[in-house]
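Subject: Structure handover

Hello,

Here is the structure I promised to pass on.

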Amino acid sequence: MKSLYRALLPVAVLLLTVVIWQVLANADTSHARVIPPPSEVLEALIRTRETLLTRHIPQTMTETLIGMAIALALGVLIAALLDFSPLLKRAVYPLLVISQTIPIVALAPVLILIFGFGIEPKVVVVVLFCFFPIAVATIDGLTATDPDLVALLRAMGASRQQIWRKVRMPSALPSLFSGLRIAATYSVTGAIFGEYVTSQYGLGQYLRSAFSSGNVAQAFVPIVLTSLLSIGLVALVALAERLALPWFYTTAREAHWEEPGIY
Amino acid sequence: MKNWLILILAAGLLLIGAAGQAQAVGPLQAQATAAATADPLGGATSFAKADKATSVNVMLDYTPNTNHLGIYVAQAMGFYKDANLTVAIQQPGDVQVEQIVATGKAQFGVSYEEQATYSRASNVPIVSVAAIIQHNTSGFAALHDKHPLKSPADLVGLKYGSFGSPIEKPMLDALTRCAGKSAETIQFIDIGFTEPLPLMDKDRIDFVWLFYGWDGIRAAQQGYKLDFLMLKDYTNCVPDYYTPLLITNEDMIKNQPDVVRAFVQATARGYAYAIQHPDEAADMLLKAAPDLDPKLVKESAVWLAPQFQAEAPRWGEQRAEIWQGFSEFMVKNGALKTNIDAQAAFTNEFLPGGK
C-alpha cells in the first residue's frame, strides 16, 4: 500500500500540472498563443504519430543508446586510468571539465567536417554530454573505497589488480550508477542537440521543422516526448542498478536509510 | 526524350494560359505568368550526365520548403539518377552551408546572395551556379491592424525583429532614405529565428523581414493579416538580388565539372517541372517531408511557380549586374569592406542550353 502511494504521487502531480497547463493556455485568448494547450499538443502528436514512431523516435533513441554505451565504457575507462595514476588525474581532470564547456554551436562544423552527415556526429555529442558524469562519479567512488578493506586484502597478500577487481571497482559501482543516472537524464537532450547540427530524422529535426513552420503545438511534441523518454531511461538505469547491486539494497542497509534508494 | 519535353511544354503553356484566366492573380503573378513562356530549360533537349556514378550531398539552407521544390522533384522523378548521380539532401542546422560546401563535405548547397557575397569577400571559395528564384521575393512585414505599411516611411520609429544579419541595417537605411526619412529611430531587437508572428501579435516587435512565398502565405493561412513592403517593388532604392541560389565550391568546378553540370541540369529539370506543375511538385515535397502542412506547401508552390524563372531566358540564369550592384550597395553602406569580383562569384555555364 505504501509503495503504491509512493508510485502514484508523482503521477498525480504530473496530472495536476497538465490540468493547470490546459486551463492557463486556454485562458490566453490572444491570436498568437505562445504556449499551446496540452490538447493541441496531443492532437499534433497523434497526427504525426507515424513518422514519429517509424523514423524520429527510433533515430533519436539509437543515437542516445549507442552514445550512452560508448559514454559508459569511456567514462569507466577514464575513471580507471585516473584512479591508477594520481599524476594523470591531476593532469587530465581539468581537461575533462573543459570538455563540458564547449558550446555545441562552435563544435558543430568541426563534427561535420570530421564525421560527415551520418549518425556519428550525434553519437559524439551524446558521448560528450554523458561521459563526464559517469567518469566523475566513478572516480569519486573509487577514491572513497574503504581503506580498511584495502588494508585487509593487502594483508592477505592480494595483488594490485586483485584489490582493484575485488574491492575498488565493486565499491565504486553505486557511485557509477549514480553518474549513469545523471547521464541518462541528459542523454536524450544530448542527442537532440546533436541533431540540431544537421539531421535527416530525429526528434531534434522534428523540432526544428515544426519551429520553422511556426507550428507551436507541434514543436511541443518532441519536448514532451524527450521528457518521457528521459524518464524511461532513468527508470531503466534504476532497474539495472537494483539488479546489479542487490547487495547494496539489503534490508539491513535499507533500515538505516530514510528512503530506500531512488524508487 | 524530345517528344516528352514538347508534351510538357505544350501542357505547360496550356496550364499557364488556363491559370492566367482562372485565378484572381496579383500583379506580380500575372506579369510573371504572361512572361514565363520561355522554356525554363533554355531549349535544351538532352542533359548532362556525370562521367561515372557519383554520390553527392546537397545541403539545404533552411528546413524543406517550396524554395527547394526543384531539388525534391529531381529526386522524386529520377532526374538525378538519369544524370548518373546519387544525391543525398542534407538538412540544415547549426552550421553554415557555405562553410560546409567550401570544405567539400557537401558538394552543393542552397545559399543566398548576401551570404555568398560575404563568403567570397572572406575568400571562402564558393561559386553560385544557379539562381533558384530570379527576383527577391522577400519583404518587410507588419500586422496590418497594428502598423499598416504603405511605404517605407511607415517603418520609422518601429521595433524591428532582427535575425542578426549585417545586411539588415543597410537595407532599412536605404529604404527609408528613399522615402525621405531616416532609419535612425528604428529599434533593432535580435530575435534570431524565433517565430515572429506571435511576437508581433504581442507587440514585442513591430515588423520583420520575411519571404512572402513561405512565411507570408503561412501567416495568411494562420489568420494574420500582414502588410508587406516587397523589396522588388523598391529596386530604385535597394538592389534586387538572388535569394536563394545554388552553390558549389571552386574545387568541384575545376576538378569535377561533369558532376557540377550533371547536378545543375538535373536540378534545372526539377525546377522546370515545378514551374509547370506546382501542385504535383508540392506533392513530391510533402512525400519527402511529411511533417509539413499540405495546405501551406500547395499554396506556396502555386505562388512561387512563376517566380522561379520570371522573365529570364531560362531558369537559374544570373546576371553580373545583380552581383555587382549588390556588392556595391553593401560597400557604399559600410556593410562590406571591398567589392567582390562579381564575375568570379557566379557562373551560368552549367545550366542547360550552354553558356
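A residue counts as buried if 20 or more other C-beta atoms lie within 10 Å of its own. Keep that cut-off in mind for one residue of chain A. The model is predicted.

A:Ala137 sits in helix H6 of chain A, which covers residues 120-143. Is A:Ala137 buried or exposed? A:Ala137 has 23 other C-beta atoms within 10 Å, so this residue is buried. Leaving out residues up to four places away in sequence, A:Ala137 touches A:Ser175, A:Leu176, A:Ser178 and A:Gly179. A:Phe177 is 40 residues from A:Ala137 along the chain. Their C-alpha atoms are 8.2 Å apart.

Next, confidence. The complex has an ipTM of 0.74 and a pTM of 0.82 from the predictor. Chain B has a mean pLDDT of 89. In that chain, 89% of the residues reach 70 or more. Residues 20-28 of chain B need a caution: pLDDT stays under 50 there. The model has 5 contacts beyond four places in sequence for that stretch.

Now chain B as a whole. Chain B has 355 residues, and 51% of them count as buried. Its secondary structure comprises 15 helices and 10 strands. Take the contacts in chain B with a separation of 6 or more: 80% of them join residues 24 or more positions apart.

Chain B splits into two parts. Domain 1 spans 2-133 + 242-345, and domain 2 spans 138-234. Where they meet, domain 1 of chain B gives 15 residues and domain 2 of chain B gives 12 residues. On the domain 1 side, helix H13 (294-309) and helix H14 (320-332) of chain B are the elements with two or more residues in the contact. H13(B) gives the most to that side, with 7 residues. By class, the domain 1 side has 6 nonpolar, 6 polar and 3 charged residues.

Last, the contact between the chains. Chain B puts in 26 residues and chain A puts in 28 residues. Which elements of chain B each supply at least two residues of the side that touches chain A? They are strand S2 (85-90), helix H5 (97-103) and helix H8 (196-201). The side of chain B that touches chain A divides into 9 nonpolar, 9 polar and 8 charged residues.

Best wishes

Definitions and conventions: Residues are numbered from 1 along each chain as its sequence is written. Chains are lettered from A and ligands numbered from 1 in the order in which they are written. This is a predicted model: local features need pLDDT of at least 70, side-chain atom pairs count only at pLDDT 80 or more; totals for chains, interfaces and linings use all residues. Two residues are in contact if their C-beta atoms, placed from the backbone, lie within 7 Å. Helices (H or I, at least four residues) and strands (E, at least two) are DSSP runs, numbered from the N terminus. Ala, Val, Leu, Ile, Met, Phe, Trp, Tyr, Cys and Pro count as nonpolar, Asp, Glu, Lys and Arg as charged, and the others, Gly among them, as polar. Domain bounds come from an automatic or database domain assignment. A residue is buried if 20 or more other C-beta atoms lie within 10 Å of its own, exposed if 12 or fewer, and partly exposed in between; C-beta atoms are placed from the backbone. pLDDT is the predictor's confidence in each residue, from 0 to 100.
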